[in-house]
Amino acid sequence: MGGLRIERDGEILRVTLARPERRNAFDAELIAELTDAFGDVGDARAIVLAGDGQSFCAGADIEWQRAAIELSFDENVEDALKLHRMCETIDRCPAPVVARVHGYALGGGAGLAACSDIAISASDAVFGFSEVKLGIIPAVISPFVLPKIGQHARRYFLTGERFDAETALRIGLVHQVPDDLNAAVERVVSELLSSGPEAVRAAKELIRERPDGDETAQIAARLRTGAEGQAGLRAFLERRDPPWR
């Protein structure tokens with residue numbers, strides 16, 4: 001049995017960490033599975049990333065960490081690169097990724113929330129960048145976390161303290177802490193599905209690449225003159241639903 005469950009639900013791809021007995025903590029196998037899953041999402045219009053059981057993801061698996069003690073410097077570099085490739089693959093996934101966060105989201109688990117486009121958290125979720133408590137640092141996930149939490153890393157990376165969902169919301173790690181987690185996730189997914197599929201993917205690329213000047217004009221013109229843009233604009237002017245709804 002692998003540590004990941006992948007289910008296609010119409011136009012939605014649901015990717016679930018399925019190691020509840022380990023609080024969905026990472027090991028080499030789960031990292032490889034996540035990298036593969038997000039490396040090929042096909043024509044999915046939205047991806048929901050969640051965790052089975054009582055936690056979203058509690059970071060690195062203790063047995064995996066124990067094995068890492070014996071690795072050489074070069075082996076540690078390769079191990080870290082695999083984790084970075086996983087984070088990068090999720091971050092650069094062409095389809096929008098919605099993280100459903102509950103329970104523990106520690107270390108790499110908090111990193112998963114940062115890699116997602118939209119992170120929605122249960123009110124009782126617990127976050128933390130606890131690496132310094134082990135004498136290490138969250139280096140690999142930092143390129144994905146720092147753009148989200150900015151200067152707040154100066155506290156939470158250094159102290160390694162745990163913090164609640166409201167704090168995660170305040171510092172920008174998550175976007176919403178609703179009363180009904182499932183309903184909030186499904187509402188966001190429905191918003192994504194009500195938008196043009198090509199436009200959503202193009203918007204995600206725009207956010208990541210941050211073009212300027214003439215390039216933005218070229219992008220706008222390409223979308224406006226494309227089949228989807230033409231259909232959407234005509235539907236709006238004619239007061240009817242676009243074809244993708």
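Where is the place of Arg23? Arg23 sits in the loop between strand 2 and helix 1 (28–39), where helices (H or I, at least four residues) and strands (E, at least two) are DSSP runs numbered from the N terminus. The phi angle of Arg23 is near 55 degrees, a positive value in a residue other than glycine. Arg23 is partly exposed, with a relative accessible area of 46%; here buried means under 20% relative accessible area, exposed over 50%, and partly exposed in between (1.4 Å probe, protein chains only).

The model is a predicted one, in which local features need pLDDT of at least 70 and side-chain atom pairs count only at pLDDT 80 or more, while totals for chains, interfaces and linings use all residues. Residues are numbered from 1 along each chain as its sequence is written, and side-chain values use heavy atoms, with hydrogens and water left out.

Arg210 belongs to the loop between helix 9 (197–209) and helix 10 (214–225). With a relative accessible area of 70%, Arg210 is exposed.

Turning to the chain as a whole, 11 helices and eight strands are found. A compact globule of 245 residues would have a radius of gyration near 18 Å, and the 19 Å of this chain agrees with that; the radius is taken over C-alpha atoms, and the globule rule is 2.2 Å times the number of residues to the power 0.38. The C-alpha trace spans about 65 × 40 × 35 Å along its principal axes. Of the 245 residues, 43% are buried. For contacts (heavy atoms within 4.5 Å), 68% of those between residues at least 6 apart in sequence join residues at least 24 apart.

The surface and the charges come next. The accessible surface comes to about 13,100 Å², with 52% belonging to carbon and sulfur atoms; areas come from the Shrake-Rupley method with a 1.4 Å probe, and for residues only the protein chains shown count as cover. The chain carries 29 positive and 39 negative charges, and their mean positions are 5 Å apart. Lys and Arg count as positive and Asp and Glu as negative, with His and the chain ends not counted; each charge is placed at NZ of Lys, CZ of Arg, CG of Asp or CD of Glu.

With a disulfide taken as a pair of cysteine sulfur atoms within 2.5 Å, the count is zero. The sulfur of Cys57 has its closest cysteine sulfur in Cys87, at 9.9 Å, too far for a bond. Likewise, the sulfur of Cys93 is 11 Å from the closest one, in Cys115, which is also too far. Cys57 is buried at 0% relative accessibility, and Cys93 is buried at 1%.

Thr16, in strand 2 (residues 12–17), has 8% relative accessibility and counts as buried. Beyond its neighbours within four places in sequence, Thr16 contacts Gly3, Leu4, Arg5, Ala50, Gly51 and Asp52. Asp79 lies in helix 3 (residues 73–91) and is buried at 17%. Apart from neighbours within four places in sequence, Asp79 is in contact with Trp64 and Leu71. The C-alpha atoms of Asp79 and Pro197 are separated by 35 Å, the two residues being 118 apart along the chain. Ser142, in helix 5 (residues 142–149), is buried at 16% relative accessibility. Not counting residues up to four places away in sequence, Ser142 touches Pro147 and Phe157.
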